[in-house]
Amino acid sequence: MHHQKFLSLFKQILSTPTAPFHEYQVAAVIRKRLAEIPAVTVFEDSYGNLIAHYKTGKSKPHLAFGAHMDHPGWVKHEGKEEFLGWVPKERWDTHPVEWFGEFGMWKLSPFKVKDGQIHSRVCDDLVGCAAIIALFLELEASGKDASVYGIFTRAEEVGFVGAVELAKNWPLPEGVRFVSLETSAARGGAEMGKGPVIRVGDRMSVFDDGVTAELVDAGTEEKIDHQRALLDGGSCEATAMNVFGIPAAGISVILGNYHNCPPKKGIAEEFIALSDAKNLVKLISVTTLRMADSKASSSSKAKLKKRLEKRVRDGKKYWKSAKGLWENS
Ligand SMILES: [Zn+2]
């Protein structure tokens, strides 16, 4: 995707105010962007999660990429101002709050690009939301047939509320697997700027190895910068899905100032490497297209099985030559 087009999409999504249960402004902007893509249809479930389907030609869907539309913030409830989301209490009152009607966010820069990084009052998880729209635009530009879902959930920051309701009333066809797109603090040796992190798990669960293998293969074979790590600093919506029986995997972009918390004190913009966001979009686009190609689909594990079988065949000669010693010992 052209650099300017990429930046203007991310700027538009990340600059939109949001808070847990108050995602309506982001949802409206996402709907507007999706309406511009003819191959996309959107429906809203009874909890307000948006489920978008990109479909051209006859290809079958394999994946649903998910991101949450909220971010820790302030809400008005029964006349009182309450903070929702995980941020240490001692920081709540250390920074001015900007109100958008019934919800508020810390007064921070909505979007700024500096030294190859995006700085914003909310990267988590509007980066994931913007990446899904960018994926659809990439598929459209490729002109190839594909079928893939994008799911935009609500109230993740207070305990995966939207994702749990979605998993309990899973609306997608049998066999479609969920891939959580997140931003996360660096853990497990992963570093900012070295590509999106294909998560083998989070703090609470391990992820679907079939989908994880597809993502790693796509990244490796198409030479897209990526990392593979256990990011156990927090948990993501993939865990919520797994717990309710939907096979799920996850990809994260490494985040600085997680939940607006700089290392020691105060409140500041979150930031990510611009190149990581671009590589995330590349990785999910390429994976979607590879899986849409029936010859390549479900191939990652099949290929691994073949490799292991070959190793067994190659090892047979040593097996045979050691046979006599084995039996006589
Ligand atoms: Zn978060």
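Two strands count as paired here if DSSP finds at least two bridges between them. Helices (H or I, at least four residues) and strands (E, at least two) are DSSP runs, numbered from the N terminus.

**Entry 1, ground rules.** I noted that this is a predicted model, in which local features need pLDDT of at least 70 and side-chain atom pairs count only at pLDDT 80 or more, while totals for chains, interfaces and linings use all residues. Residues are numbered from 1 along each chain as its sequence is written.

I looked up the strand order and found an open sheet of 8 strands with mixed pairing, in the order 1-2-10-3-11-14-12-13. Strand 1 (40-44) and strand 13 (227-230) are the edges, each pairing on one side only. From one strand to the next the twist averages 25°, with axes being lines fitted to C-alpha atoms (for helices over the stretch in contact) and angles running from 0 to 180 degrees between N-to-C directions. I then followed strand 2 (residues 50-55), which runs antiparallel to strand 10 (residues 147-153) and is joined to strand 10 by 6 bridges; within this pair, A52 stands opposite G150.

Helix 5 (residues 209-221) lies across strand 11, strand 12 (197-201), strand 13 and strand 14, at about 155° to strand 12, where contact requires C-beta atoms, placed from the backbone, within 7 Å.

I checked the burial of helix 7 (residues 274-292): 17 of its 19 residues are buried, so helix 7 is largely enclosed by the rest of the structure. A residue is buried if 20 or more other C-beta atoms, placed from the backbone, lie within 10 Å of its own.

Conventions: Contact = placed C-beta atoms within 7 Å. Buried ≥ 20, exposed ≤ 12 C-beta atoms within 10 Å, placed from the backbone.
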